[in-house]
Amino acid sequence: MNIETILVKEISQTLQQLYGEIPGMKVSLEKTKSTFEGDFTLVVFPYVRYSKVSPEETAKQIGEVLCEITEIFSSYNVIKGFLNLGISNNLWLSYFNQFDANSTNFLKGQKIMIEYSSPNTNKPLHLGHIRNNLLGYSLSQIMRANGADVTMANLINDRGIHICKSMLAWQRFGNGETPESANIKGDHLVGEYYVVFENQLVNATSDDIELAYEGKWHTADNATNERYQELVKRLSEAEEDKQIAKIKGLIKDLVRNQSELMQACQEMLRKWEAGDEEVLKLWNTMNSWVYEGFDSTYKNLGVSFDKFYYESNTYSLGKDIVQEGLENGVFFKRSDNSVWIDLSDEGLDEKLVQRGDGTSVYITQDMGTAELKYQDFNIARSIYVVGNEQDYHFKVLFLIMKKLGRPYAKGMYHASYGMVDLPSGKMKSREGTVVDADDLLNEMYNTSKSKTEELGKTQGMEDSELDILCRRLSLAALKFFILKVDAKKRMLFNPEESIDFHGDTGPFAMYTYTRIKSILRQERPKNNKSDNIELNATEVEVIKTLSEYSQVLKNAAEEYNPSGLCQYTLDLAKSFNRLYNELSILKEADSSKKEFRLLLAQKTANTLSHSMGLLGIEMVERM
RNA sequence: GACCUCGUAGCUCAGCUGGAUAGAGCAACUGCCUUCUAAGCAGUAGGUCAUAGGUUCGAAUCCUAUCGGGGUCGCCA
């Protein structure tokens with residue numbers, strides 16, 4: 001049982017005894033600020049209207065009665081309307097004796113699917129994916145620790161025009177190159193051909209695009225010419241810079257789409273959809289390269305999946321649902337045969353759910369996949385870890401599923417997270433300012449190695465132990481740095497700070513853990529409980545922090561946000577470090593005090609390890 | 001233009017459903033290794049919580065407006 005629940009129960013009873021039934025009463029207890037005396041604070045303002053005396057007097061009345069329960073409360077003081085309560089030594093001790101960094105069960109047995117990562121197969125993973133992966137993995141662990149039955153899923157976007165670009169470029173310029181022959185990771189190799197394609201396309205079309213801006217471009221295709229002339233007209237009339245840029249962008253796309261390269265690419269996509277053997281073979285080969293590359297990145301990052309979905313299998317799902325929606329009037333059809341839903345009642349607009357030619361769009365596929373997930377796993381909740389630029393998309397998706405009467409619609413949730421910025425600004429793949437995931441991991445490994453060597457910590461360490469240390473240390477720094485920030489918020493990724501090992505960092509928490517482990521290697525606690533000890537303030541502080549763990553764990557799950565766990569881990573490490581510095585453990589003369597501190601150290605280490613584990617961070621025994 | 005979101009110390013971030021004198025870390029400056037790992041601890045300095053109103057015993061937190069950053073409003077995914 002949580003210590004606060006015990007206190008709240010006693011306080012409610014006391015309030016009732018003093019002032020009778022208070023309608024809608026809710027006792028909110030807070031930690032006493034460190035500048036005041038006491039452990040917990042009750043704000044008495046809400047009760048003044050029942051006590052009919054001043055706030056100070058009310059607080060005194062309550063405090064007086066509470067302190068008669070000596071086994072729980074030891075002292076009280078009143079400042080203005082705040083009743084600061086001291087908790088008795090024995091309550092702390094008995095709480096401490098039963099404390100264990102255990103999982104909670106408020107989601108007991110609930111079937112939850114968490115979809116995350118969801119990469120495209122034409123490029124290697126980058127920093128943005130890293131935030132996604134770390135959040136997704138950590139959320140899964142957090143949900144599990146709260147008792148949920150979690151399936152971690154990855155929906156891989158393995159089809160579409162972008163894959164064809166890499167394929168076509170490889171076909172034309174690859175000379176049969178393979179990851180082995182080039183000695184490059186498969187995902188990077190495919191990514192390189194994607195870049196080759198883009199460069200070739202720029203070379204082939206840049207002159208035409210310039211001409212097109214001046215209105216001097218034409219093509220064989222009449223429909224395109226018409227559209228182009230219309231755009232030229234709009235361009236000449238446009239005044240705002242933003243508008244001009246937008247129209248120019250449309251013209252650019254038009255010209256590019258008419259190029260031989262893009263035409264060949266479109267042709268390839270058509271062949272793919274038609275099941276052309278040769279195209280499929282190439283597609284399979286290049287995908288297998290990419291998957292091998294992704295696997296290694298996922299492994300290095302320490303994330304994993306229980307279930308993979310592939311868009312090549314799911315993109316046509318959802319058409320049955322479109323049909324169903326048409327039949328029961330949720331969707332409607334336009335004259336060009338395209339299918340729409342009207343969401344203006346909900347403050348949104350009309351949204352296309354199927355193209356005029358019967359092919360599916362992004363949301364059609366998502367409707368199908370949502371249904372598939374439910375059929376496969378009978379999940380109660382379906383969580384999507386996807387960036388906040390897709391807030392609107394998911395709002396629409398969930399609304400559609402609700403309107404279609406899907407019972408699982410209410411369990412769908414978009415765990416939306418903010419973008420990652422660099423000190424130089426936004427990451428833009430076109431400008432080469434993307435931070436590659438593999439590069440980043442390598443760099444962090446090397447830095448942690450040189451720092452470890454600098455500190456002279458490598459003495460007496462086997463190479464294999466050093467390797468594990470550097471790996472885990474660098475991941476601790478990276479993961480903690482990213483997960484520390486509120487998931488919903490946009491964050492700045494400063495590479496130098498991310499690899500810092502001092503202050504509010506993962507390595508700091510890890511270091512605290514190893515110091516405890518070092519003590520426990522020399523002596524372990526003999527019992528699993530302590531009695532009859534006079535606790536001092538630093539010790540109480542650690543117990544108090546430990547007691548908050550289950551609530552923090554629950555909050556992290558409820559808010560789909562691991563950052564509270566990071567903050568908590570730091571608090572716990574700091575409070576223990578203070579104790580470590582102020583009090584001796586192994587050299588404590590009083591054997592029962594020593595025993596207690598050993599036990600306290602052990603429980604602290606367990607809790608640190610547990611919470612870091614939920615962040616996807618593995619501890620080491622020495623560093 | 002409409003909608004969403006953010007704005008807290010020089011920098012990066014906490015601050016839960018409103019509570020006391022707004023907290024950490026980094027950077028700067030002081031101390032502490034003959035004592036369980038100094039990747040640590042203790043301390044100094046640093047704030048008009050974007051601005052203006054409002055709600056009330058009480059607002060960084062809730063409401064409104066304004067300013068500023070970002071995002072979305074594709075028959076891309």
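## A hairpin and its neighbour

Let's start with β8 (residues 331–333) and β9 (residues 339–342), two strands that pair in the antiparallel sense over 3 bridges. Strands here are DSSP E runs of at least two residues, and helices are H or I runs of at least four, numbered from the N terminus; two strands pair if DSSP finds at least two bridges between them. Phe-331 sits opposite Ile-341 in β9. The β8 and β9 hairpin has 5 residues between its strands, and Asn-337 takes a positive phi near 80 degrees there.

On to β10 (residues 350–354): 4 bridges join this strand to β9, and the two run antiparallel. Ile-341 has Lys-351 as its bridge partner in β10.

## About the model

This is a predicted model, where local features need pLDDT of at least 70, side-chain atom pairs count only at pLDDT 80 or more, and totals for chains, interfaces and linings use all residues. Residues are numbered from 1 along each chain as its sequence is written, chains are lettered from A and ligands numbered from 1 in the order in which they are written, and side-chain values use heavy atoms, leaving out hydrogens and water.

## The four-stranded sheet

Next comes an open sheet of 4 strands, ordered β1-β2-β4-β3 with antiparallel pairing. β1 (29–31) and β3 (73–79) each have a single partner strand, so one side of each is left without a neighbour in the sheet. β3 pairs with β4 (residues 82–87) over 6 bridges, and Asn-77 has Asn-84 in β4 as its bridge partner.
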